[in-house]
Amino acid sequence: MSTPVWITATPPATHGELHIGHLAGPYVAADVLTRYLRAEGEEVRFTTGTADHASSVEVRALRHHRKPEEVAEGYRAAITADWLRSGVEFDHIVRPRRDKGYGRWVQDLFGRLFAQGVIAPRTRLLPYCEPCDRWLHGAHATGTCPHCGAVSDGGMCHECARPNDGGDLVGARCALCDTPAVARRCRRLYVPLEPFRETLADYWATAGLPPRLAALCESLVEDGLPDVAVGHPAEWGLPVPVEGFPDHRIDGCFEAAAMHLFGYDVKGPLPRRAIHFCGFGHAFCHAVLLPVLLLAQDIKLPQDFNVNESYVIEEGVQEGNVWALDLLTEYGSDTLRRHVLQARPLGRRTVFHRERLAAARRELDENWNSWLSRLFAAVREECAGLAPQALPGGTGWETLERRLHRGVDDLREAYGPDAFDPRRAVAVLDEMVRSAADFGHVNAHERCRPSTACRHLPALAAQLAVASALSAWSRPVMPEGADRLAAALHAAPGRPVDRHALSAPLPGTRLSPPSGPVFGF
């Protein structure tokens, strides 16, 4: 058995539900690549987890007078349900509080790294809230990032993706009571990154990082790689398995990196390639801390990064207009998936506009579904619902066929890991459908010619060939509708995205079109 390609997506913190911005980030895009590679016959391992021990989970629990485990469990169930309904299919979703052996595995890894000297104690300043009698780490603290000046939590700035040590957070305040924090000396455990300077620099140089991520990594090297805190005095999370730190918990960023390794199972054969999908605000965990954990275990692994920016929800937009569950219920997975791929914030932030989501639905209804509806109706009326006894043909068929062949080459490039661009894939698919619809309109007039009987049948066979191809070519983007179309044509689902998919059903095959729209609803 060949070693698989390993695809990861950022584990979301279970302090809230998924909204459309999360789907527009790593999850749908990573699923598109996974589906394409599997259709090509590649073995793929697609993993993520839920960051149940994130400090934001505890903060939400404290605000609402609930137990952190209740908050984590409730939102974990909601998040996994949203993934399922949106067609994002993972091989393994790590459940920190449920997966057998997970907690011990992470603690054993932490302990081994401490024994190797990769993790070491340091005494530094950390914000403390006197009214709450609580150390402020992670989401417990809020202030200004010392690197970029943006509003930031303690530990990691989601704007510039650089870590802060809590004590250097400017104007730190308690996230719960908003009291200005007092800086106190605190002995914690850290991963000093400077000993990994050369190996990390070599790794980043060969990883083909996106420009903004490359700029982050190069600036870290230029400024001097920091010591990163991997433990904090806290009540929530996995206990630090090192003597002298009885009330400390493992940091959420360290656990997220370790979670990826647990999800893949590093005891098995290593993948030949790892492809990480993450938002830029989480890039430090993927591009810095995860490689350190691998390098510390003498694991060298080719890795690629697909990094998205933020999909911004404008102020004033009501919550009911952005939650994934509500939008999936209203629009369905096909519409939502193609919309978030079109709006994917690659290289720059994009803003959610509900009218653009509605436009995605109109595109499916007015072009995709209307063409397929006309095609199935024509087959029913002209051929009693059977695939016609004719080879694909018709006026303009050779031109359309050449255009489709060029289009599928573009699709393969857009779907492939080396030039991954799902937005381009959606545009190519739309162009194919419009071309097929135009071809159908032009050739529909053949039925009106009394000179030659059955002259219109080759054009029906040609359109059925295009429909069959689309059931394969569109599946990475819109798996629900693509499988519905494949079933209608009695074609195998999940076929490769190639020219061979452009073949009509066998003559005489009874088609089974759905009673409603093929794509979306």
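**Strands and helices in a predicted model**

Trainee: Which residue in β10 is the bridge partner of Tyr190?
Mentor: In this predicted model, Tyr190 has Ala229 of β10 as its bridge partner.

Trainee: And how many bridges join β9 to β10, and which way do the two run?
Mentor: Strand β9, which covers residues 182-192, is joined to β10 by 3 bridges, and the two strands run antiparallel.

Trainee: What's the order of strands in the sheet they belong to?
Mentor: The order is β5-β4-β9-β10, an open sheet of 4 strands with antiparallel pairing. Its edges are taken by β5 (134-135) and β10 (227-229), and because each of these has a single partner strand, one side of each is left without a neighbour in the sheet.

Trainee: Switching topic, what is the strand order in the sheet with parallel pairing?
Mentor: That open sheet has 5 strands, which follow the order β3-β2-β1-β13-β14. Here β3 (92-94) and β14 (303-308) stand at the edges with a single partner strand each, so one side of each has no neighbour in the sheet. On average, neighbouring strands of this sheet are turned by 20° against each other, if direction is ignored.

Trainee: How many bridges hold β2 to β3 there?
Mentor: There are 3 bridges between β3 and strand β2 (residues 44-49), and the two run parallel. As one example of a bridge pair, Thr48 is partnered by Ile93 in β3.

Trainee: Now the helices: at what angle do α12 and α13 cross?
Mentor: The axes of α12 (residues 422-444) and α13 (residues 457-473) cross at roughly 165° and come within 10 Å. Angles over 145 degrees count as roughly antiparallel, and therefore α12 is roughly antiparallel to α13. The crossing in which α12 passes α13 is left-handed.

Trainee: Which residues make that contact?
Mentor: From α12 they include Leu429, Met432, Val433 and Phe439, while α13 brings Ala459, Gln463, Leu470 and Trp473, among others. Sorted by class, the contact of α12 with α13 has 10 nonpolar and 3 polar residues, with no charged ones.

Trainee: What about α11, is it parallel or antiparallel to α13?
Mentor: The axes of α11 (residues 397-415) and α13 come within 12 Å and cross at roughly 0°, which means that α11 is roughly parallel to α13.

Trainee: And which residues of α11 and α13 touch?
Mentor: On the α11 side the contact is made by Trp397, Leu404, Val408, Leu411 and Tyr415, and on the α13 side by Ala462, Val466 and Trp473. By class, this contact of α11 with α13 has 8 nonpolar residues, no polar and no charged ones.

How values were computed. Residues numbered from 1 in each chain as written. Predicted model: local features only at pLDDT ≥ 70, side-chain atom pairs only at ≥ 80, totals over all residues. Heavy atoms only, no water. Pairing = 2+ DSSP bridges. Axes fitted to C-alpha atoms, helices over the stretch in contact; angles between N-to-C directions. Parallel < 35°, antiparallel > 145°, perpendicular 65-115°, else oblique. Left-handed = near helix turned anticlockwise from the far one by under 90°. Contact = heavy atoms within 4.5 Å. Nonpolar A, V, L, I, M, F, W, Y, C, P; charged D, E, K, R; others polar.
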